[in-house]
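This briefing goes through a single chain by topic, with the structure shown below.

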Amino acid sequence: MDQSPSLSVKQQSIVAIAALTAKGELQKLSLALNTGLDAEMTVNEIKEVLVHLYAYCGFPRSIRGLQTLMVVLDERKKKGITDKMGREATPIASREPKYERGKKVLEKLTGQPEAGPKRGYSAFSPEIDVFLKEHLFADIFERDVLSFTDRELTTISVLSSIGGVEPMLQSHLGICLHLGLTKTQLEQVMSLIETNIGKAEAESGRTVLAQVMASRR
């Protein structure tokens, strides 16, 4: 029986912030940002969530999220609240080509070797495979302000909220399980999606999660 603990308060804030930013619910996002900061998320951690999600829902949503965070921080400063900036990302010292670094990150995420001929959309559009490996999995995932688990929580929260991307959600739910998140914790993600975004989005996510769990039996 899965007796895993719940998502931490920080992880719950990541889910809410990512989901609300993806949907453009800026008024609710302001509240979620305050909750995250009160839970001692650092400013840089929240910025990293908002930057990460642009790869899944676009620059416009990401930038509106960052602008909302700027307003929230200014309002908190006027109230005498000093929020921790937190550490910056460690500079990347490797001289290995970004494509190869990205492949290694993806292998860590999935637990599967990145070998053999390209398939599906990667074969149809080799350029997007390059962009994914070099930019998403190297430039973004290698930034260590957030853990891989926190980045995947951000990702599945965005994908569940925007809908219509079930194959990608299925893949990333599998990655979450590989990284150590449990069925109970992923069910909690969907409950948070229902609370913050809506029942339809949550039910769709639950359906995909059930398919992922069934495939692992």
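Helices H8, H9 and H10 are among the elements that cover the buried residues of H6. The model is a predicted one.

**Helix H6**

- The buried residues of H6 are Tyr-99, Arg-101, Gly-102, Lys-103, Val-105, Leu-106 and Leu-109.
- H6 has 13 residues, which at 1.5 Å a residue should span 18 Å. The end C-alpha atoms of H6 are 18 Å apart, in agreement with that expectation.

**Leu-109 and Phe-141**

- Leu-109 is placed in helix H6 and has a relative accessibility of 0%, so it counts as buried.
- Apart from neighbours within four places in sequence, Leu-109 is in contact with Phe-137, Phe-141, Phe-148, Glu-152, Ile-175, His-178 and Leu-179.
- Leu-109 and Asp-150 are 41 residues apart along the chain, and their C-alpha atoms are separated by 12 Å.
- Phe-141 lies in the loop between H8 and H9. Its relative accessibility is 1%, and because the cut-off for buried is under 20%, Phe-141 counts as buried.
- Residues that Phe-141 touches, not counting those up to four places away in sequence, are His-52, Tyr-56, Val-105, Leu-109, Leu-136, Phe-148, Arg-151 and Glu-152.
- Between Phe-141 and Leu-109 there are 10.0 Å in space, C-alpha to C-alpha, and the two are 32 residues apart in sequence.

**The largest pocket**

- The volume of the largest pocket is about 1200 Å³.
- The pocket is lined by 30 residues, of which Leu-106, Glu-114, Tyr-121, Ser-122 and Leu-132 are the closest to its centre.
- Elements that give two or more residues to this lining are H4, helix H6 (98-110), helix H7 (120-124), helix H8 (126-140) and helix H10 (166-178).
- H8 contributes the most to the lining, with 8 residues.
- Sorted by class, the lining has 17 nonpolar, 7 polar and 6 charged residues.
- Tyr-121, one of the residues closest to the pocket centre, has its place in helix H7. It is exposed, with a relative accessible area of 54%.
- Not counting residues up to four places away in sequence, Tyr-121 touches Ile-128 and Leu-132.

**Helix H5**

- Ser-62, Gly-65, Thr-68, Leu-69, Val-72 and Arg-76 are the buried residues of H5. Viewed down the axis of H5, these buried residues fall within an arc of 125 degrees, so they line one face of the helix.
- An α-helix has 3.6 residues a turn, so residues three or four places apart point the same way.
- The exposed residues Pro-60, Met-70, Lys-77 and Lys-78 are on the face of H5 turned away from its buried side.
- The buried residues of H5 pack against helix H1 (9-23), helix H2 (26-38), helix H3 (43-52) and helix H4 (54-57).
- Just after H5 comes Gly-80, with a positive phi of about 85 degrees.

**Helix H3**

- In H3, 8 of the 10 residues are buried, so the helix is largely enclosed by the rest of the structure.
- The buried residues of H3 are Val-43, Asn-44, Glu-45, Ile-46, Glu-48, Val-49, Leu-50 and His-52.
- The cover over these buried residues of H3 includes H1, H2, H4, H5, H8 and helix H9 (148-162).

**Two further residues**

- Glu-40 is found in the loop between H2 and H3. At 61% relative accessibility, Glu-40 counts as exposed.
- Most residues other than glycine have a negative phi. Glu-40 is not a glycine, yet it has a positive phi of about 70 degrees.
- Thr-149 lies in helix H9 and is buried, with a relative accessible area of 18%.
- Leaving out residues up to four places away in sequence, Thr-149 touches Gln-11, Leu-179 and Leu-181.

Conventions: Residues are numbered from 1 along each chain as its sequence is written. This is a predicted model: local features need pLDDT of at least 70, side-chain atom pairs count only at pLDDT 80 or more; totals for chains, interfaces and linings use all residues. Side-chain values use heavy atoms; hydrogens and water are left out. Buried means under 20% relative accessible area, exposed over 50%, partly exposed in between (1.4 Å probe, protein chains only). Helices (H or I, at least four residues) and strands (E, at least two) are DSSP runs, numbered from the N terminus. The arc is that of the directions from the helix axis to the C-beta atoms. Contact means heavy atoms within 4.5 Å. On a 1 Å grid over the protein atoms alone, a cavity is a set of points where a 1.4 Å probe fits but cannot get out, and a pocket is an open set with protein on both sides within 12 Å along at least five of seven lines; lining residues have an atom within 4 Å of a point. Grid points are joined across faces, edges and corners, and a volume is the space filled by probe spheres set on the points. Ala, Val, Leu, Ile, Met, Phe, Trp, Tyr, Cys and Pro count as nonpolar, Asp, Glu, Lys and Arg as charged, and the others, Gly among them, as polar. The expected span of a helix is 1.5 Å times one less than its number of residues.
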